[in-house]
Amino acid sequence: MLTEQIESAVASFRALLVEQIARTGEMEKAPPAKDYKNMEKIRVGLVDGDGIGPIIMREAKRVLACVLADQVAFGRVELVDIAGLTLENRIEKGKAIPDDVLAAIKSCDVLLKGPTTTPKGGTMESANVAMRRELDLYANVRPVALPGQGIDWTFFRENTEGEYVLGSRGVEIPGKLAMDFKVTTVAGTRRIARAAFEYARNNGKKSVAIVTKANIMKKTDGSFSAICHEIAAEYPEITAEDWYIDIMTANLVNEKIRSRFEVFLLPNLYGDIITDEAAQIQGGVGTAGSANIGDRYAMFEAIHGSAPRMIEEGIGEYANPESILRAAVMLLSHIGLQEEADRLKNALDTCAAERRVFVTGDRDGATCAAYADYVMETLNK
Ligand code: NAD
């Protein structure tokens with residue numbers, strides 16, 4: 001019985017190995033990344049999502065139309081509404097992203113996406129996980145800033161491999177053991193490392209912290225670190241430092257040294273954990289956007305979820321649009337519209353500092369629409 005179980009586990013491991021080698025082959029063949037700066041027209045898809053998604057997106061669309069008025073008038077940017085990425089439609093079609101919605105998404109270059117609900121239990125895959133896979137969004141990028149404390153961090157989390165790519169495909173010999181698999185590929189690590197070092201170069205950063213547990217995970221993290229250093233050699237003006245995830249987790253709450261870090265480059269699981277720690281240090285859900293970037297597509301979103309309870313309690317209109325607007329800043333910067341990105345970022349920073357209109361997420365605060373009006377008024381000053 002045990003021998004049979006071992007043989008079956010070995011056979012399934014063999015199949016995984018063959019599949020993962022094929023995946024690296026696909027990555028190696030990938031065409032060069034889109035060069036947004038030289039594109040005649042950029043299609044920006046706008047996806048509402050669930051819960052408070054349609055409310056914060058309605059306001060984000062008004063603000064984007066305002067900040068992009070000239071670019072839209074010249075025909076350089078087209079704002080495209082994409083309907084149907086709702087829980088009801090996903091359940092009805094039995095797909096995390098229904099086919100017609102995916103086709104509409106793929107007809108765009110970049111997306112601003114409202115949060116989508118993932119039902120607990122059942123078999124419905126998260127729309128975000130499906131989106132990362134379908135659009136090959138391999139870099140999860142999160143900026144975290146606390147200007148008063150000298151903190152200006154940008155995290156580059158590998159988004160498609162590590163513990164996640166085979167997360168539901170481990171082997172188990174009941175009563176004996178369970179094993180999961182972690183995958184680091186050369187092609188997958190090269191592309192995330194290049195994204196981090198390119199960002200550092202283009203934004204005048206002096207150092208990149210490569211964060212792993214390579215002393216223990218010798219093959220996967222050891223390879224991740226070695227490949228990152230290979231890429232770092234092409235960026236001699238930037239210092240590449242190795243750190244272990246355990247001490248880096250402590251460093252982020254060490255006020256004596258944390259402001260010296262600039263760009264972080266991490267495998268998937270460590271990135272998942274440490275970006276939540278960093279968001280908490282920054283002050284929670286309203287304060288940052290998040291980007292999922294690939295070579296052909298990029299998707300920008302708020303870091304919070306669809307807040308279904310706000311809708312049930314009838315206070316959806318009091319949702320805070322700041323996080324989705326911070327995501328819009330990242331989108332504008334990503335497509336090369338840095339002037340527009342700076343204008344919107346400055347307006348958001350001014351509104352956050354002045355607090356003349358303040359959203360609490362409840363009836364005692366301003367509405368989502370009132371906050372968007374305040375941002376647009378500040379933009380146009
Ligand atoms: P959540 O972020 O939706 O809510 C956490 C808390 O923050 C709640 O109290 C909520 O009311 C509050 N909140 C969230 N956004 C707010 C806003 N803009 N303004 C004011 N208050 C806000 O997290 P959750 O409850 O764990 O998740 C709800 C659903 O969202 C789940 O189905 C989850 O899977 C999904 N989700 C989606 C994404 C995404 O699409 N990127 C991310 C996280 C969670």
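Guide: Leaving aside residues up to four places away in sequence, Q71 touches R76, V77, L337 and E340, where contact means heavy atoms within 4.5 Å. This is a predicted model, in which local features need pLDDT of at least 70 and side-chain atom pairs count only at pLDDT 80 or more, while totals for chains, interfaces and linings use all residues. Residues are numbered from 1 along each chain as its sequence is written, and side-chain values use heavy atoms, with hydrogens and water left out.

Visitor: Is Q71 buried or exposed?

Guide: Buried means under 20% relative accessible area, exposed over 50%, and partly exposed in between (1.4 Å probe, protein chains only). Q71 counts as buried because its relative accessibility is 13%, and the residue is found in helix α3 (residues 69-73); helices (H or I, at least four residues) are DSSP runs, numbered from the N terminus.

Visitor: With which side chain does the side chain of Q71 make a polar contact?

Guide: A polar contact is a pair of N or O atoms within 3.5 Å; within protein, one must be able to donate a hydrogen and the other to accept it, and residues adjacent in sequence count only if both atoms are side-chain atoms. The partner of Q71 is the side chain of E340, at 2.9 Å.

Visitor: How should I read the largest nonpolar core, and how many residues does it have?

Guide: In soluble globular proteins, nonpolar side chains tend to be buried together. A nonpolar core is a set of buried Ala, Val, Leu, Ile, Met, Phe, Trp, Tyr and Cys residues joined through side-chain atoms within 4.5 Å. The largest one here has 70 residues, and V375 and L344 are among those with the most contacts inside it. Helix α12 (residues 322-334) gives the most to this core, with eight residues. V375 touches V63, L325, L344, A347, L348 and C351, again not counting residues up to four places away in sequence.

Technical notes. Helices (H or I, at least four residues) and strands (E, at least two) are DSSP runs, numbered from the N terminus.
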